[in-house]
Amino acid sequence: MRQLFSLLLALLSAASLGCAASDYHEQLVLRPLPLSTLLASFNFRSNITLSAFEAHNFDLFPRSLAQILQHAGTRELHLRFSLGRWDAQSWGARPWDGAREGGTGVELWAWLEAQSDEEADQKWRTLTNALSGLFCASLNFIDGTRTTRPVMSFQPEGNHPNVTMDNMHLLYGVLPHEVVCTENLTPFLKLLPCKGKAGVASLLDGHKLFDASWQSMAIDVRPVCPSGGECVLEIEQTIDMVLDIERSKRPRDNPIPRPPPGHELKCESSKSYHSGDTCFPVDYTAGQEWSLNQIFGKSMRETCPLTDPSVPPVCLQVPESRHVYLSHGAVEKKNPDGKSRCFEIEPGTGFELILPRLESDDPARSAAAEIITPETPLLYAERSFTGHGQERGGVQTILRNPSPDTKVEFIYMESLPWFMRIYLHTIEARIEGHSGEQEPLIKEVYYRPAVDRARATQLEVRMRVPPASTVFLTYDFEKSILRYTEYPPDANRGFDVAAAVITILNPEKNGTRYAVYNMRTTSLLCSLPTPDFSMPYNVIIFTSTAIALAFGGMFNILVRRFVAADEGPEIGSTIKEKIGGKLIKLLEKLGKAKAVGKTTVTETKG
Amino acid sequence: MSARRPLNNGATSAKSSPEATIPPTVRPETPSNDAADTTSARKQPPPEKPSDVRRRTYVILSFWLIVLLLGLPIWWETTTIYRANLPLSEMLDWADGKACRPVFPLRISIQANSLHEQEAQNLLRLTQHALDDLNDFSGHHLRLQLSPPAAKEAEKDDAGAALTIRLIPGESTTSTLDPYSPILDITYPPHTIPSATSSSSSLATYVASQLRATFAEEQAIISYLLSSDSMPSDHRPQGLTPEAADSLSKRTTRSLKHAPTYHLTFSLFTSGPLPSSWDIEAAIAEFMKPVLDVLSPIHNFTIDTQVQLYATPGVQNQVLTKEDLSSFINAAEWPLSPSIGGAPTVNFIVFVGNQTILAAPQGSPDETDRTSQSWLIPQWGTVYLLPLPSDTTHVSAEKLKQPLLTFTSHLLSLTGTPQSGSLPLRLSTLARIRSADLLLRASSTLGSLARLALALPSISIPESVADGVSKTMSHLRLACETLGGAEGLGHARIAEAEAERAFFEKSMVGQLYFPDEHKLAVYIPLLGPVGVPLLLGLLNEIKAWRKRRRERAEQQATKKKE
């Protein structure tokens, strides 16, 4: 404790700088996308000096998270909560080049400092359990069977000057079945210094966020050492969501979709049959109009006073020609590239933004003038199951490189549950339409086979896709049969298989960034043979009956004496006599115990 | 015994078993004389061979032997619940306080450098007499000893003695308690020294009463602890007034559960965006660290600090009444989660706001603990309302002085430190109170475990629980022997931790619920169809055997007659 205090004293001068206002940064970028959707990217970033962090003076850094990080020896942490599917065909490249998104469900990877693998596992368990409590998610279910140690796919984002890389253990866990919901957003907002009460975070609301077509919440904690400056621990929180504008504009008190009345229908008036009672709906990309209040359900409150005043809190990416109406106190600043504009907001005032419909006579021109055409991603990927039956199956991933002249080199990582036993020899990559000799597409394979009930399969493939071509990556697998207790309550739904992680490598080998683009495929639903769950009782009753039958027959043969029909005791032939005879017998038995059997023939008559 | 068949004459195809030797002449009659046949006496089957009867007996016996000797043990072995042996009666003895009589022998050394050996011995004897007369509580015992006059008091005496009395000749009889070390200075006029023969002395009485006053609070607390627990009544001290007991109970419920380490969390909450930084490190180092250093032999402390903006309290009133105070902490929104790791968390909250607290009515018992600025939440921490100008962005260490001094005094009462006496005395008293407390807690946990084991016969008790219980008991025994010393506290601490671990063993809860309906559903389908033939076979065999015996007896009787 004394050491702690001497440290405290030593740090007094440094810490008095404390959490200066410029340490916090928040920004909302709005980008209208085709098909009447809108991408909203929230980004919050705050810092704490490593020395203050180690002295437990957390100031505005979330204490609950900081304690977990310290307790579990975590050097770098990445946590993702995602929902939905990014439609790359129409929405183009992903925000942040895919670096801030995860596969459906929850994804967690972290670099832990530990001397041995066992210690790392121990710390990982601590970390997942503690985060599970903090974020109200089932992260504690990330056990050995869902944890892998990726070799090629991930690189630390932060600077780790004081730690040798040998002691840094990367662990990666994923829960594809987890349903992300409001209870995960609330703790997420609590980590922000201004909570959800001020700044762009005041727009966030569980109803809208989890109603989005695609959303991803990310938390990244990494140490950053600026050249010449003191090392800081940076926490970056990101929320990206793609909102369906029409859907978001539905009034909250009347959320049930109903057909719009006739006069509100948007009709293509150029059609020859257009009249009062016939309508050909116009392409619904035309005419995006919205306001912040409509799509988020509320306007933005005053800016968070901690933010760096030089960073404009809200930016909008629309062509320069479009007009935007702003609330009082906001100033529009157009960027020189002509693609985006930002808004500076006077402290203490709220903010509202209205993007009116673009009135244009020429429908062909309006599409380009209305929104910025999305960038083409470096790679398209889709993954699906092939095959049929309950015993075997296959996985096929279609990877398409849209670029006409550059090849794409990437790492494809699968973290499969142990009950999908893959046949590694069947892994094959082929170019569509090509046959015959070609340069091998797969450069390197890292494979760690599963151990039943203990470890997941880990498959990392470094491969390339030539320009303007489509590659099919396929492999087969066998479905294993689970034990009775290993099935979840909804066993017939199937088992979620986590998304494949695709990390596109930087073509410049000496570049600062390891990956230029990240993406996830969708997760899969693998159906395994499910037993009839009343089976144990059926089996008990069936075997018992069989045993009883066999035993009863055998026992009776062994112990009974067989006599001729007329030698045995007489029993009444009608039901009445039978019952009467039994009653008398019973009475006799009650009266005095008398042996029944061959001697009682005359007595039964009496 | 015979297979009973419906005598429906021709319809019955008499399946001839090897035993049924039916002569061809005795075939069933034709249906026409059926009625006449039934009324007539039926044919008797031929008598059974004795070897057949014996064989049937053997068959039935061997089946039953297999069931009893093989089936039952296997069933018992596979379905029995493991229950480790617990020394239940001993455990209950601990819980009832029969196993240990908590006695706190306190050694008090007297330094009388100016007195002769003989005089000093005499004074000591008289003082001890006076003390014994005053004391009515056997658990708390003050024993005097004379320290060698030339001894270096610092090293030798502090080790064993709870208090050192320095007798210094002076003009009048006064006593002063050294504020920094456990030393009581008593001055005395030289003429008050008792002569070797006198049986009473005013100085001795004075010393005794001073000692008693010094340890009065400790004695009261310990006797309260013992009396509130299920100690037998002969141990119970008399003369604890209800008011004193009431205030003691308040104090004990307020104090945190004992732990070797406490985690202190200092939080600055504001309802708006400002202030966003504070000089907490400097303030802690200046105002709180001295006390923490003093407490360090008993407790370790870890500290963290945080600033939380936009924190709305649970009560928005300008003037807070006593009822409001309990709901002021907005537990749902304020991030005050306990720290991870085993250490209990003490929360110290500075809330920037100009609310005021409605002063407690005059004369209420806990008036001293409540200023108009802060209040203490039992076993949890303290809230301090700090009014600041609304444009303050940074809270300086100077402004934190008052809050931190309040926190420090509240920390002492949260750890259960007694209120009177000098600080070193208070701390040594704290150690003794804590060991008594832990001892009682561990004993009562043992008692609960024993009662649980008795009340739930179907609960499994794994070996680790028995292990924990035996460890607890051995440490309890050691603690009981060394009560009052540092060792005793250590043993009591281990005993308490082990007892808790044994009581909250996870695997005990797992098998708690296995309903009897399930057992029925599993056993009935098998035991019904198998058990009924076995049982009937046995009954019939017994009947047949008795019948045979009777017949034999009758035969013998007729033979005798003949």
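Which helix of chain B holds both B:Glu498 and B:Arg501, and how many residues apart are they? I looked this up to get started, and both lie in helix α14 (residues 486-503), three residues apart, about one turn of the helix. Helices here are DSSP runs of H or I with at least four residues, strands are runs of E with at least two, and both are numbered from the N terminus.

**Before going on.** I noted that this is a predicted model, in which local features need pLDDT of at least 70 and side-chain atom pairs count only at pLDDT 80 or more, while totals for chains, interfaces and linings use all residues. Residues are numbered from 1 along each chain as its sequence is written, chains are lettered from A and ligands numbered from 1 in the order in which they are written, and side-chain values use heavy atoms, with hydrogens and water left out.

Entry 1: I found that the side chains of B:Glu498 and B:Arg501 meet in a salt bridge at 2.9 Å, N to O. The term means a side-chain nitrogen of Lys or Arg within 4 Å of a carboxyl oxygen of Asp or Glu. B:Glu498 is buried at 12% relative accessibility, whereas B:Arg501 is partly exposed at 44%. Buried means under 20% relative accessible area, exposed over 50%, and partly exposed in between (1.4 Å probe, protein chains only).

**Entry 2: A:Asp220 and its partners.** My search of the whole structure gave 36 salt bridges over all chains. One of them joins A:Asp220 to A:Arg80 at 3.0 Å, N to O. A:Asp220 sits in strand β7 (residues 214-224) and A:Arg80 in strand β3 (residues 74-84) of chain A, so the pair ties together parts that are 140 residues apart in sequence. A:Asp220 is buried, with a relative accessible area of 0%, and A:Arg80 is buried with 0% too. A:Asp220 also meets A:Arg100 in a salt bridge, at 3.8 Å, N to O. This second pair links parts 120 residues apart, with A:Arg100 in the loop between α4 (88-91) and β4 (105-113). A:Arg100 counts as buried at 9% relative accessibility.

**Entry 3: two phi angles.** I read that most residues other than glycine have a negative phi. A:Cys136 lies in the loop between α5 (117-135) and β5 (147-148) of chain A. A:Ala468 also has a positive phi of about 50 degrees, and its place is the loop between β20 (457-465) and β21 (469-479). A:Cys136 is partly exposed at 43%, while A:Ala468 is exposed at 55%.

**Entry 4: spans from the record.** In an unreviewed entry, UniProt lists residues 58-76 and 520-540 of chain B as "transmembrane region". Such positions are given in the numbering used here, feature names are shortened, and annotations may be inferred rather than shown by experiment. Residues 58-76 of chain B are 100% helix, with end C-alpha atoms 26 Å apart. Residues 520-540 of chain B are also 100% helix, and their end C-alpha atoms lie 27 Å apart. For chain A, the unreviewed UniProt entry lists residues 535-559 under that heading. I found that this span of chain A is 100% helix, with 35 Å between its end C-alpha atoms.
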